[in-house]
Amino acid sequence: MASTSAGATPPPSANQRICPRCGREVLATSIRCRFCMADLRDDRPQPRYGRSTPERRRWFPQIRHRWSRRRGFAVIFLALVLFYGGRWAWVHHISTGQPLPLPASDAVGMAEVPAATWPSANGGRNQARVTGASPRLDGEVAWEVTLPNVVMRTPVADEERMYIVYLDSFGAYSLDDGSEVWRISRPGMLSPPTVVGGRLYMALRTGQVTALDSATGEYVWTARLDEELFTSPIVFRGILYVYAPGRLYGIDADNGDVLWSIDVEGNWGEAAPVVDEGHVAVAARKAVVVFDRETGGRTFRHPHTSITGLIFGEDFIYSVSPAFAAGIDPESTLPWWEGTRLYWNWLWAFGAAPEPPRPEVEWVSRVRPSDLRAGTAFTLVFRPAFDGERIIASDTTGLVRTYHGTTGVLDWEADLEAIHGAPTVTPDGLLVPRQESLALLDLQTGELIAERPLERLRTRVKRWAVVVERGTFVVDEPGTILALR
């Protein structure tokens, strides 16, 4: 074997080569010198991933030259813009929502209920707490009945009977003499029922929606929703609208079939929905959400927390909370960029973007519907009422405030010292259950018109006044019914 002369660099072995910068031996497949980190690809191009085939050697370097990380990000960003932009255009401008399934019959509904009845906890389908009957404050006591248990929820009534919810049962009482017509055991009932068309519709905490014959108390049908239910159902055009936390259901009022369901933001649902011919509005945890009644598509959203009640007026949807009242046009729609509102709010909070525009509403009150007065340990805000011109808000401290229905300006306020139940709008004025009387206020000025003395209640004990054509019925929480005719 021939020897190498002194000082000469020995030739590299078969699997090695010489680095052109530092002159040291490196592996023949290396693309970078491990000693001086020189780039060896110009000296001998090597495939980047694994062993290359002859076909790959011809086109891979060309594609690698054209492609770059910056161009890759640009293409991915453009694809996302096209995808979400096309999706937005399809949803808002191209596609039309499919109509929701219809019930077997649309003959049953709260729109057909006589005005002088009280079909649900807050009156008719618009939940305005309005009755067409006049209160008999100066009438005689027709009868008085002691009930078997404590009354837990607002009573409801039709033309013949009143329906009372107890802790673990439910009963019907004749309006003629207060006699018990029937009573059934029904635990888990946390919301008042709704009586329409000879049937009682009940939503239970156990997730059941049940229809009873109002005359006999016999079961007609039962639907299981697997949701905790806390609100009264509303019946309109043959559909039973049931609002569960995070979901709105449409049930056939005739046979109990679940027709459809709609996702609602949040996990709160304690105020009954309100319905008109074109829209359904629900009080979610942090907003009033409006849906199209025919397609179920969300049309509007107004941020509003701690909502105590919704009302569907002639032209507006009214929402009331202890902090403020608002009037919402049901025809309002969301802006095209509504999906980015959350991220826009984040950027605005950190000073990186201007303040996002607020959703368009007709008005928001500047005066709080309820004041937390000094020395008041517990304040309950009652369900609001609407007389066609003004919104009436009240709380247990005795404060009554009314707002103009089209502007939200404070109309008048009154201090009745203590209120034990939600007020009701009657043809003669505003009927307010107080601690030791029923008070009737003038709807124009708030002045006291008439008053009927009653037995004094303890603090925080509820009192309900149900005004129907057959008379005025006062129900006290400890378990009594007083009929005035």
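Mentor: A residue is called buried under 20% relative accessible area, exposed over 50%, and partly exposed in between (1.4 Å probe, protein chains only). The model is predicted, so local features need pLDDT of at least 70 and side-chain atom pairs pLDDT 80 or more, whereas totals for chains, interfaces and linings use all residues. Residues are numbered from 1 along each chain as its sequence is written, and side-chain values use heavy atoms, without hydrogens and water.

With a salt bridge taken as a side-chain nitrogen of Lys or Arg within 4 Å of a carboxyl oxygen of Asp or Glu, the model holds 16 salt bridges. One of them joins arginine 237 to glutamate 277, with an N to O distance of 2.4 Å. This pair links distant parts of the chain, 40 residues apart: arginine 237 sits in the loop between β12 (234-236) and β13 (239-244), and glutamate 277 in the loop between β16 (274-275) and β17 (279-283). Strands here are DSSP runs of E, at least two residues, numbered from the N terminus. Glutamate 277 counts as partly exposed because its relative accessibility is 43%, and arginine 237 falls in that class at 25%.

The loop that carries glutamate 277 also holds aspartate 276. Aspartate 276 is buried yet has no salt bridge. A polar atom of the aspartate 276 side chain does lie 3.0 Å from the backbone nitrogen of glycine 278. Beyond its neighbours within four places in sequence, aspartate 276 is in contact (heavy atoms within 4.5 Å) with Arg125, Phe236, Arg293 and Phe312.

A further salt bridge joins aspartate 263 and arginine 247, at 1.7 Å from N to O. Arginine 247 belongs to strand β14 (residues 247-252) and aspartate 263 to strand β15 (residues 258-263), so this bridge ties together parts that are 16 residues apart in sequence. Aspartate 263 is exposed because its relative accessibility is 56%, whereas arginine 247, at 22%, is partly exposed.

These two strands are themselves paired, a term that requires at least two DSSP bridges between strands. β14 and β15 run antiparallel and are joined by 5 bridges, and leucine 248 faces isoleucine 262 of β15 across the pair. They form part of an open sheet of 4 strands, in the order β12-β13-β14-β15, with antiparallel pairing. β12 and β15 stand at its edges with a single partner strand each, so one side of each has no neighbour in the sheet. Aspartate 263 thus lies in an edge strand of this sheet.

Glutamate 160 and arginine 161 meet in a salt bridge of 3.0 Å, N to O. Glutamate 160 is partly exposed because its relative accessibility is 46%, while arginine 161, at 12%, is buried. Elsewhere, salt bridges link Asp387, Glu389, Arg390 and Asp411 in a network.

Technical notes
Lys and Arg count as positive and Asp and Glu as negative; His and the chain ends are not counted. A polar contact is a pair of N or O atoms within 3.5 Å; within protein, one must be able to donate a hydrogen and the other to accept it, and residues adjacent in sequence count only if both atoms are side-chain atoms.
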